[in-house]
Every structure is written in C-alpha cells, then in structure tokens.
Amino acid sequence: MTDVFLDPTKRGHWTTDQDVRWCPGCGDYGILAAMQFLHTELAADPATEIKKEDTVFVSGIGCAARFPYYMDTYGMHTIHGRSPAIATGLAVARPDLNIWVVGGDGDMLSIGGNHLIHALRRNVNMTVLLFNNQIYGLTKGQYSPTSEVGKKTKSTPMGSIDPPFNPISLAVGARANFVARTHDLDRKHMINVFRQAQAHNGSSLVEIYQNCNVFNDGVYDGIVKRANRDEMMINLVDGKPIRFGAENDKGVVIENGSAKVVNIADVGEDALHVHDQANPDPSVSFALSQLANDVNSATPFGVFRSVEHAEYASAVSDQLVEANNQMGPGDLDALLKSGATWEVD
Amino acid sequence: MGLQRPRDRVCIRPLDVLDNFGPKGRSLTDIADRLDSESLDHVVIRFAGDSGDGMQLTGDRFTSASAMFGNDLATLPEFPAEIRAPQGTLAGVSAFQVHISENPVHTPGDIADVLVAMNPAALKSQLTRVRTAGTIILNTDAFDERNLEKCGYEVDPRTDGTLDGFTVHEVAMTTMTVGATEDLDVKKRDAERSKNFFALGLVSWMYTRPVKPTLDWIKEKFGKNEAVVAANTAAFHAGHAYGETAEIFGHRYQVSASPKESGTYTNITGNVATAWGMIAAGQLAKLPVFLGSYPITPASDILHELAKHKNFGVRTFQAEDEIAGCGAALGAAFGGHLAFTTTSGPGVALKGETIGLAMSMELPMVIIDVQRGGPSTGLPTKTEASDLMMAMYGRHGESPMPVVAASTPANCFDMAIEAVRLALKYRTPVMYLTDGYLANGAEPWKLPDVSTLPDISVSFTTEKNGVDDDGNAVFHPYARDPETLARPWAIPGAPGLEHRLGGLEKANITGNVEYDPANHALMTDLRQAKIDGIKNDIPEIEVDGTGSGDILLLGWGSTLGSITAATNQLRKQGKNVDRAHLHHIHPFPANLGDVLNSYDKILVPEMNKGQLVKLVRAEFLVDARPLSKVSGLPFTAEEIASSAIELLEANAEGAK
C-alpha cells in the first residue's frame, strides 16, 4: 500500500479500488472528483479533521446513486427514492457521523419526493446532493420531473405535458434550512458549496446542474458554458447586493415579494437586493429561486439560505437524556412490574 | 357450566368488606359463604354499547379487577374501525368480552353467559352471542322510540318475545346514574356519561369483584378532573348498591381464584408484551433500540408504548410513511442499533422492497406485523392471520427470511426476544407475526425473573478479516461465519473496515458489485442455506398428547387458545386427539416432518383460507386438511372440535 492511501489529505485515500462505471464524459466524474478533493481538505482542516470511518454516503437508485461505490468511506447503495429515509434512521441512531445522501432528479423528486421533503423539514443532519440532469439516465432516457414541458423522449414521443419541479423552490417550500445550487463544470464552486452544506447543522440540499452527455447533452449549456456564464449565472454572495453580467451591469431586486432581474442603470445600485443567506424568512429564498424556472433564464448559483435551526437527531438524543433525568435509567424488572401486579403464593 | 337463574335472595354487605377481598385477604370460601354467593367455575361476560359509551374501558376495568383477584382470563375487545360511528346505530356498537375462570382459560369464551347491553343496537347486534337461557342486563333508559328505530327494531324487543328464554334484567342505568350524581357539581349531560361505571359497579357486585382497585383506578385515571372522579365514583357505588338492594338480583356469583404457579403476575395485552419484549431484547442484546414506524391499526399501540420508555435509550421515529419507517430502521441497523419496524398487513406490503434490501445487505432487523382482516384496508379492527404467505414470500426474487409467530398475549414478549435473537445471530431481517386478537386481548402473565432471560448479544467486527490479492489486510463484509453463515457486522466508526453495501448482487466474500452468473447462483444458495440452518437452532415442536393420537390439531399464532380448549373438549368426549403449535414457521422445527408423518389425520385451523396448511403439504407431502375462518373473529373451541370430529369420522369411510 502506498502512502497516498494512508494520507487522508491525498485524493487516493478517499478513492476505492472499484472501476468507475459512468459513461465517458458524464458530469458525475467532476462531482466525484470535487467530493474527493473536498474530503482531502476536510481531513487536513484542524477544525474538522474528518475521517473516512466516520463518513457515510447513502444513495438510492440511478446513475448518481452509484456514487458510494467510489468513495472509500462507509456506504449504502439502497433502493429507489428511499435514501433520505434510510439516511434519517442512520443519522438519528448515529449523530456522530457525517452523512451524505446522493441521488438524481428521478430518485429524489419523483419516487422519493415524499422522503426528501420530510427529511428537509425535520432538519436531520445530512447533506443531500441532488444531481439534476433533467432526464432518466439509467433507464435510458425517459423524461424526469425536472424536464421542461414538451420534452421529447422515448416515453413522451409527442413531448411531455406535465410542468417540472423547481428543486430549490421545492426545498424552500419544505422549510429546508440550507439550500444551494452549483454545477458540474466548476470544481472550485462545488467544493465551496459542499463545504458549507456539510458544515450546516441540519438537512442541507445542494442542487447540482449535471450534464448527461448521452440522453440530455448540453441541457445547461445556455447557462454554464464558459461563454454564457457572465450573462446567465447570478452569483449569490452573502452580505452583498446581487449583481451580475459581463459588464456587472445587471442586478436583482425584490418587488412585492417577487425577484426580478433589472438593469442597474434603471433602478440605481441602492435598489438591489442585498443577499442575506441567514434570513429565516423563506419567502425571500423562494422569490430568488423563482428566477430560474427554465434553462433560458439567468440562474442564481451559490447558497440561497443557511439558517440555524434545531437539529432533529440531537433533539431526539436530548429527549432520551430528559427521560433519563425524569424517570431514572431504564430498569427492566421495574418496567415489567409497572402495571398492577399480584402475588400467587 | 353456566349460570343458573337467580334466586330471590338478597344479601347486603357494606362495601368495605369487599375492599380486602382477594387471594391475599381472608379465605375466599369463607367470604363467599358469608356473602351467600353461588360458586361458578367460569363465566363469560360481554359488555356492549355505543362506541361513545366507554365499553372498552368498562371491560378493561372488569378484567383488571378479575386478574388481580386471581382469576385466569382471556379477553376479546371488538370495536368498529370508525372512531365515532353514528350514535345508536348497529355500526357504532363496541363490545368487550371477558372470560374469567378458576381454571386455566384458553379462549375469551365461545359464547357469553351474560350480556350487558347499553342500548337497543347493542342488544340487536349481540344477541346471537349470548347462550341460550343466558342473562341479559339492559339499560332501559336507552330503549326509546328513536334508538329502537335507529337500529331497525320495529317493535320493542322487550315486549315481542325476542328475549324469551333469557333472564332479562331491565335497569334504568342512566336515570340512576344521574340520580346518584345529583348532589355533585356535575352537569346532567356529563353525569349521563358515567353510566358505564354504573354498569361496572353492578356487574362487579354480581361477580364479587374487589372494589378498591377500581376506585383507586378512577382516582388515578381522572385525577385531574375532580368532577369526573366524583361522578364516576358515585355511579360505580350506585351500580354496586343497586345490585345489593334490588330484589331482582337475588343472588351473586363467585368465580374463585385460579390456582397458578407461585410468582408475581400482571395482566398484559399482546401489544404491550411485544413492546416490552423489544425493550427487553435491547437490554439483553446490549444494543440501543430503534423503532421506525407509521401509525396503523392495530399496531400503533406498540409505538405508543415504546415512546413512553425513552429512559431505556429507546429511539422511536414516527416516519412519513410505512416505507420510511422500515428504511429508517434499516439505516439504524447499519449504524449498529437494534432496529424494528411495526405495522399491519398494508404496511408490510409497502415495506417489502426495503425488507428485500435488508436481506440482501444481510443486516439484522425485526419487522412486526400485527395482522388484521384483509385484503386492502379490509377490517382494520378485526383479527385475521392471513399475512403468512406474504411474510414467507412477499418479496421479489429469492428472498428467504425467518418467520416467527406469537400464540398468546404474554407470549408476544418471548417471541419478540426470539425474533431479535435470530435477527442478530444470523444478520437477517426477521418477520414476527401477531394479530389483532393478541394485540388487544389480555391475559394474566407470570412475570419472568429478568436475570434468567437469555443473553442474545453479538459482537461488532472491529478487525480486518481477510487479505487482498496483494497480501494486504482488508475487510471482507461477506466472509461468513462457517457455522451460522452470518456475515460480519461492522459499523461506521470502525477504522479500516469501511465498506459499501447495496442491493446489487455482491461478490461472495468481498461484497463488491458482481454480475457473474455463477456468483449470483452461489449467493442465492448461501442466503437460503443461512436461513435453512436456523432449524437446528430452534426448539423442536412439542406434541401435547400421546404422540399416537387419531388426529393431530396443528396450529400457529393466536389459535392456540381455541385449539387447546377444543382438544380438552374432545378428550372429555373420549377422542384420542393430539395437538401441536408452531412458533417458528420459517424455517420449520427440525422434527416437524417426523411429527406430521406419524398421523393419518391432520387438521390445521387457521384464521385465513389455508396458508400454513399449504406450506406443510408442500414441504412434507402430508394430507393435512384446512379449517378456515375469516369472519374477523377468533375460532370458538366448538368450531374446531366439531370439525375435528368430522375429519375423524371421515376416516371410517376411508376418505384418506
């Protein structure tokens, strides 16, 4: 065994010996690399000193859900849609662990939508990575709950009819306390967002715009291609007015509860919305999330909200302590005799 | 034996005499004689009224008082699925049957000796459940035109001969309850609601139940509301006094304490016994208990009971749905907790995929199915044992798992521990079956000495257990124990043992994803062999009888009481009947085949259309015959006995 495997600040330490089986060119490779590099940083950081034995990746079913096989940590590759529920049980049982939940848009928003919203509202300590490629990949190309209306796929030859979810809006609506968006082409941005999500005490949701180069190639090109980024990506920076554009001449205002892209020249700099990710009011986060309801709109990236709120698993543990204080440690013999009893001689 | 027609004798004793009444007080015979009561060896009493009349509470209290008195007993609560069906209608009738005896009791009684009917609907719906010449006590205040009409009586059944042959006591319970509470600061409407305590007082008098436990219980239960305590107490006293003074009840009955093994007893329902068994299993396994559950009748009480005992380190998680309840349990099992999920049939259907994953991951967990009438929503509050095939085969792929079943309310405690023992030792999900009858039924339970309960603890793996191709020490999650075929259980936090588990087929030993055909065949065989091997680790089935009877009654689950009672009846008639009961259904006990092959006639009574009987026929090629009941009610002993006789007589005609 070479040193690279023993040194947690090296990528090899976090990499399994299993061949990665995503299609060549898949966006998932970039996300995996970002995650492995993030862990080298977390391991080196004296504040976290994260260890692989304390880290668990939990996934459902789909291309993205193969992720745990490639991270040399503990892992569970479970069943379609259920990873947030399974991770919740693990997190409640073991609040000492760093738990990541990985899934695609079908896994998390279609079959597993119910588990996702409940995990988010409970604020269980886990970081959910939603790989959104707006398509079913592993089943070879059906439209997904994030596909645009009119999407022509094998299952919708005349175009899909149902409107898509906006995952950020959904998460905010479910009262998620940490919500962010990043994309698979910018490792630095991913690492930065993942780090903040992991540090947040509670459920975190990170939507990752991820390219499926086989069944939905280039779906986000209009936004994330280098040439388009300046005009189409709105960077959310905590404490700063929201502005973007190649000339830095555009911004975001919030009017009557709605977010709107404006030319700064028209409204003046003071009118711009100052991003406050700790603002507990979800309606502001929701308004910002509504800037991007399709792939042709300027789209916010970064942390939408990061709000402190009581974490579920620690609250469960607190109740155990409280019960112990009130009733004393459990005594089986006393329990069995806790109802009316009588003696037979 | 049953009740005799009351004679016109009245005996009046002050209530305080009764307060010390019980096995620990003065001699029972002595007191019974002085009270001029008639001795009965058993009696079956059925309380029935509107859902809002508090009949379950009344029955429950009578049961507790009887249990503390030392009777053996069995109960059968029956209530509608609706919380409040329309008042006064047949659909809204709630009933509670209790069988008390000085001898061992096996069933809640085939048919009631006494019916307490709080309204016409209760009388109409329950009349067929009272034996010929039985006793009926009616709350006449409820027999007005409107109530009669609501349940479809065109003529008052008290006047048209409907009740001929029964001993009928008409008691104005509501009026007398209101009268008894007149001096209290209670509104008339509220006072009327105490009428169930009047009924309880009256029946407690009739059957010489101790009074003090009920009065204490009223104080404890309603302590926060003094007016309610006062009203219920007054109603109870009034009912009791009415029995003593009214000439119509000339006579009272004594059912003596049942001789039992010495020890400390408590009265327990199946659901509480299951919950306590789960807590005990956590202690015996030295693991924290985790329950992932979603509310469902009739299993919810297990979640409620467990949630009260967080001081045992028990974590209860009410999930967003059945699937999440099971999933969360599986996640907790991966984290090293003792994981449970509790549900009823519809929930098991939803959990199937997750149970399959637990099988594939070979992680320990227990799925508790409190069966109810199906299919679909079926009969949520009625009992049935029709999930056996689902427990055995209700998953996709080849997915064998152990199935165990409890036979009595108290046995739920032992079987919960047994289910956990198997799950932990063999790293497998285990299906543990009870049913609505066990869940809500109660029986006296001799408490075990907790120091004698088995140690079922297992160890987590903390060391690497193999070498890779380059000779490096590694952890192999699917390297099995050669004896049990269980795989190592390594939990997050153990350095060097990081591994990934999943639902994809795994390579033998390494656990890596593997699609090789021969490997899949091998893994399928290994999973089956692991479960099959459990048959050598469970008790052999015991035959009650000579071992060479003319017929074997083979049962599983909650039919134990009815089958035992039927066996006793048949033996009294001179029949050569043997009886055996399964607590382990998958795998079967190692000797089951030999036992079955020594009988020409085998009858398998089941509360389904014949599920166990199919299993034993398929496995052992024996001519076992089904006896099926799916009416939402347990078997009566009579039903089993007459079916056994029919089969015995068929023998003579050479039907085999």
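This is a predicted model: local features need pLDDT of at least 70, side-chain atom pairs count only at pLDDT 80 or more; totals for chains, interfaces and linings use all residues.
View 1. Between the C-alpha centres of domain 3 of chain B and domain 5 of chain B the distance is 26 Å. The contact between these domains involves 21 residues of domain 3 of chain B and 18 residues of domain 5 of chain B.

**View 2. The side of domain 3 of chain B that touches domain 5 of chain B.** Four elements of chain B each contribute at least two residues to this side: the helices α15 (388–393) and α17 (436–440), and the strands β14 (403–405) and β15 (429–435). By residue class, this side of domain 3 of chain B has 13 nonpolar, 5 polar and 3 charged residues.

**View 3. Domain assignment of chain B.** Domain 1 covers residues 38–171 and domain 2 covers 172–247. Domain 3 runs over 266–452, domain 4 over 459–537 and domain 5 over 543–652.

**View 4. Secondary structure and overall dimensions of chain B.** Chain B contains 22 helices and 25 strands. Its radius of gyration is 27 Å, close to the 26 Å that the globule rule gives for 656 residues, so chain B is as compact as a globular protein of that length. The C-alpha trace of chain B spans about 95 × 65 × 50 Å along its principal axes.

**View 5. Burial and contacts within chain B.** Of the 656 residues in chain B, 54% are buried. Among the contacts in chain B with a separation of 6 or more, 76% are between residues 24 or more positions apart.

Technical notes
Residues are numbered from 1 along each chain as its sequence is written. Chains are lettered from A and ligands numbered from 1 in the order in which they are written. Domain bounds come from an automatic or database domain assignment. Two residues are in contact if their C-beta atoms, placed from the backbone, lie within 7 Å. Ala, Val, Leu, Ile, Met, Phe, Trp, Tyr, Cys and Pro count as nonpolar, Asp, Glu, Lys and Arg as charged, and the others, Gly among them, as polar. The radius of gyration is taken over C-alpha atoms; the globule rule is 2.2 Å times the number of residues to the power 0.38. A residue is buried if 20 or more other C-beta atoms lie within 10 Å of its own, exposed if 12 or fewer, and partly exposed in between; C-beta atoms are placed from the backbone.
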